[in-house]
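Reader: I would like to take a close look at one part of this model, namely its charged side-chain pairs and the strands around them. Please go through it step by step, with the cut-offs stated as each term comes up.

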Amino acid sequence: MAEGKAKPRLLIVEDDKENQKFLNIFLRKKFELDICDSAESFYVKLSEREYDIILMDISLRGTKDGLQITKELRSNPKFHNMPIVGLSGHAYQKDKENAYKAGVDIFITKPVQGHILLESLASVLKQKAGIKLD
């Protein structure tokens, strides 16, 4: 876990402002949060601090989507084992398959119930990083 922090540090990659608000309100009780809305801002955040887990919107607008970013993370030895939860408004089987091929640990479709999102994040965090949520 990031040094000196009681809560795990979560980076939310989400380009929809309403979804950002929901995720911030719902997850800030359990996590230290940072939110970014594009590949460019994601890489800035990632270079500025360490994260314990990433919540990745698969369908980002801009130069790269969440699948491309996830593939890049998985090919980088520093981030190869980073816990990544994929989140998407697309519920087709092909979208799910593509997300798992890219390297997400769990794929969740929007809209998601808060407790399911929290359970998914907690499960991946415990499994991949050995961190338990309070």
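Predicted model: local features only at pLDDT ≥ 70, side-chain atom pairs only at ≥ 80, totals over all residues.

Author: Residues are numbered from 1 along each chain as its sequence is written, and side-chain values use heavy atoms, with hydrogens and water left out.

The count comes to 10 salt bridges, where the term stands for a side-chain nitrogen of Lys or Arg within 4 Å of a carboxyl oxygen of Asp or Glu. As background, side chains of opposite charge can pair when their charged atoms come close.

In the pair you name, the side chains of R9 and D34 form a salt bridge with an N to O distance of 3.7 Å. Helices (H or I, at least four residues) and strands (E, at least two) are DSSP runs numbered from the N terminus. R9 counts as buried because its relative accessibility is 7%, and D34 is likewise buried, with a relative accessible area of 11%; here buried means under 20% relative accessible area, exposed over 50% and partly exposed in between, with a 1.4 Å probe and protein chains only.

Another salt bridge joins K110 to D57, whose closest N and O atoms are 3.4 Å apart. This pair also links distant parts of the chain, since K110 is in the loop between strand 5 (106-109) and helix 5 (114-129) whereas D57 is in strand 3 (residues 53-57), 53 residues apart. For K110 the relative accessible area is 21%, so this lysine is partly exposed, whereas D57, at 2% relative accessibility, counts as buried.

A further salt bridge is formed by R74 and D105, with the closest N and O atoms 3.1 Å apart. R74 sits in helix 3 (residues 66-75) and D105 in the loop between helix 4 (93-102) and strand 5, so the contact ties together parts that are 31 residues apart in sequence. R74 is buried because its relative accessible area is 13%, while D105 counts as partly exposed because its relative accessibility is 24%. Returning to R9 and D34, salt bridges that share partners join these two residues and R49 into one network.

Strand 4 (residues 84-88) has five of its five residues buried, so it is largely enclosed by the rest of the structure. I84, G86 and S88 point one way from strand 4 while V85 and L87 point the other way, and all of them are buried. In a regular strand, the side chains alternate between the two faces of the sheet. S88, which lies in strand 4, counts as buried because its relative accessibility is 1%.

Strand 3, which holds D57, runs parallel to strand 4 and is joined to strand 4 by four bridges; two strands are taken to pair if DSSP finds at least two bridges between them. Within this pairing, M56 stands opposite G86 of strand 4. Strand 4 also pairs with strand 5 in the parallel sense, again over four bridges, and there the bridge partner of G86 is F107 in strand 5. From strand 4 the chain crosses through helix 4 to strand 5, and this β-α-β crossover is right-handed, meaning that, with the strands pointing away from the viewer, the path from the first strand over the helix to the second runs clockwise. Strand 3, helix 3 and strand 4 make a right-handed β-α-β unit as well.

Put together, G86 of strand 4 has M56 opposite it and F107 as its bridge partner in strand 5. Strand 3 carries D57, the salt-bridge partner of K110, and K110 is in the loop between strand 5 and helix 5.
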